[in-house]
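Hi everyone, thanks for making the time today. I'd like to walk you through one model, starting with a term we will need and then moving from the whole chain to single residues.

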Amino acid sequence: MALPAVLFSELREAVGPEHVITEPERLRVYECDGLTGHRAMPEVVVLPDSTEEVQAVLRACHRERVPFVARGAGTGLSGGATPFAGGAVVALSRMNRIVELDLESQRVVVEPGVANLDVTRAVAGAGFFFAPDPSSQQVCTIGGNVAENSGGAHCLKHGFTVHHVTGLTLVLADGEVVELGGKALDPAGPDLLGVIVGSEGTLGIVTQVTLRVVRQPETVRTLLAGFESTDAAGEAVSEIVAAGVLPAALEMMDRLTIEAAELAVAPGYPAGAGAVLLVELDGVGSQVAEDADTVERICLECGAFELRRADDDAARALLWKGRKSAFAAMGRLATDYYVQDGVVPRTQLPTVLRRIEALSRAHDLRVGNVFHAGDGNLHPLVLYDAEQGETERARKLAEAILEACLDAGGSLTGEHGVGMDKACRMPRMFSERDLATFERLRRAFDPEGLCNPGKVIPTPRLCGEVPGPYRAHPLERIGIAERL
Ligand SMILES: Cc1cc2nc3c(=O)[nH]c(=O)nc-3n(C[C@H](O)[C@H](O)[C@H](O)COP(=O)(O)OP(=O)(O)OC[C@H]3O[C@@H](n4cnc5c(N)ncnc54)[C@H](O)[C@@H]3O)c2cc1C
């Protein structure tokens, strides 16, 4: 789609000519996010520096009916920030200021381009931290976290992004600015904050966020247990939770992932382990000590053959080293890998892991598993070699794994979002009426469907059909049917 010249001049006036990108070689940087298999070239990338500039950009796009996509750091793994071909990308990287630290209220107000870890860095000296901790936290932005309702290893106890956002500013597709919530919890009226967090950039562009930060715990203790198999480790996970212990983090890695981590960063995990469990406990010292004893007892009862404890930062960092580098470490075992993200009820973990093993054999591709076991949030890593023509087989295997999660009563995504990757799987989990309701909600914010079209909700419903801004059905056009 060729955009009108008047739009370019208006965008340049809104944000300054140096912040409007149109050269093909520079546009290429924005053609995909972390899901690199999906690519599309935008016609223009705009980098606004304030809510007012975002407002001016969206007003111009709205007038010309130009679809746009918000972009943070582009680390998303579901194609959420993949551009609409020929449309606009609104990149929020210049809006990276911490606006206010109000630690008496345990609140921090930030612009959307602030990196996740920078929030904790800003408050750590005063004894606070920002709990949602995606593994990409050094670079991924708060705007992206809000859009994806991102999680991380420590969300089992402390909650996901949605539990740490108390207010935000949103610019709607027509340029209207909406303020939701503030520093207080639970604002009156319907939970619109809850609607925006996790909406994957489909309802507007977030330009300011008020975050809740929490006090650093008095004591943190990390335990590592080595097991013969993921079955035994999975049983320990269920037993720990059933015993009433709520760890801050409860993570599992399987044999292949341990092998990759050893090759990449040599964390020295128990030799020959078929699975390791990492359990982090935090809170008041006496409770942590009691919980640690319970966890160790359960791990031994479930067959752990080695236990390690870490009480100080250096020892803890060593135990976490392998887990934190697990995704990247897969590069030691294969040229390409696809990260799947699905959820299963915790009790189904051993069954689903066995199913994944069988699927891996049937597709003749290796799968490593590293995951938030406490949440039942699996991240199977499908290893393949694109140059050997294995891409399609890898995609089919990743899809079959997702089907196994759904068959077990689980969900399409735990934290990476639906984006463009899984939109066509939504009817597998939601009824036609559910999807129609989602669509109506979306239209209430963005009647013309300009904001991140083609993501999350399959429009139209079938995968093979062309996504994009809403196109009226012929019956609507001649006035026989009406879209609600
Ligand atoms: C190595 C690696 C590890 C990861 N680990 C985790 C993990 O542990 N947990 C986890 O949850 N995720 C993880 N992710 C996925 C990703 O980092 C998160 O989804 C993150 O929140 C994306 O942030 P971003 O700034 O990169 O957003 P982008 O990728 O730029 O965008 C993601 C979505 O947010 C929308 N968006 C961005 N900014 C705004 C805004 N201001 N207003 C409205 N919409 C906006 C975009 O349109 C898009 O739909 C990982 C990714 C990688 C590459």
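Let me begin with a definition: when I say that two residues touch or are in contact, I mean heavy atoms within 4.5 Å. With that in hand, look at Thr-51, which touches Met-95, Thr-169, Val-171, Val-177 and Thr-207, leaving out residues up to four places away in sequence. Thr-51 sits in helix H3. Helices here are DSSP runs of H or I with at least four residues, strands are runs of E with at least two, and both are numbered from the N terminus. Is Thr-51 buried or exposed? Thr-51 counts as buried, because its relative accessibility is 15%. The cut-offs are under 20% relative accessible area for buried, over 50% for exposed, and partly exposed in between, with a 1.4 Å probe and protein chains only.

Two housekeeping sentences before we go on. This is a predicted model, so local features need pLDDT of at least 70 and side-chain atom pairs count only at pLDDT 80 or more, while totals for chains, interfaces and linings use all residues. Residues are numbered from 1 along each chain as its sequence is written, and side-chain values use heavy atoms, with hydrogens and water left out.

Now the whole chain. How many helices and strands are there? The chain has 17 helices and 20 strands. Its radius of gyration is 23 Å, close to the 23 Å that the globule rule gives for 484 residues, so the chain is as compact as a globular protein of that length. For the record, that radius is taken over C-alpha atoms, and the rule is 2.2 Å times the number of residues to the power 0.38. The C-alpha trace spans about 70 × 55 × 45 Å along its principal axes.

Of the 484 residues, 55% are buried. If you take contacts between residues at least 6 apart in sequence, 71% of them join residues at least 24 apart.

Let's go to the buried side of things. Leu-281 lies in strand E14, residues 275-283, and counts as buried because its relative accessible area is 2%. Leaving out residues up to four places away, Leu-281 has a list of contacts that includes Leu-223, Val-245, Pro-247, Val-288 and Val-295.

Leu-223 comes up again with Glu-296, which touches Leu-223, Leu-307 and Arg-309, again not counting residues up to four places away. Glu-296 lies in helix H10, residues 285-301, and is buried, with a relative accessible area of 17%. Which side chain does the side chain of Glu-296 meet in a polar contact? The partner is Arg-309, at 2.7 Å. A polar contact is a pair of N or O atoms within 3.5 Å; within protein, one must be able to donate a hydrogen and the other to accept it, and residues adjacent in sequence count only if both atoms are side-chain atoms.

Next, some loops. Glu-228 is in the loop between strand E12 (219-227) and helix H8 (230-242), and is exposed at 55% relative accessible area. Beyond its neighbours within four places, Glu-228 is in contact with Arg-255, Gly-274 and Phe-305.

If you like backbone angles, there are two residues to look at. Arg-65, in the loop between helix H3 (51-63) and strand E3 (68-71), has a phi near 55°, a positive value in a residue other than glycine. Arg-65 counts as partly exposed, at 42% relative accessibility. Asp-186 has a phi near 50°, also positive and not in a glycine. Asp-186 is in the loop between strand E9 (177-181) and helix H7 (192-196), and is exposed at 73% relative accessibility.

That's my tour, and I'm happy to take questions.
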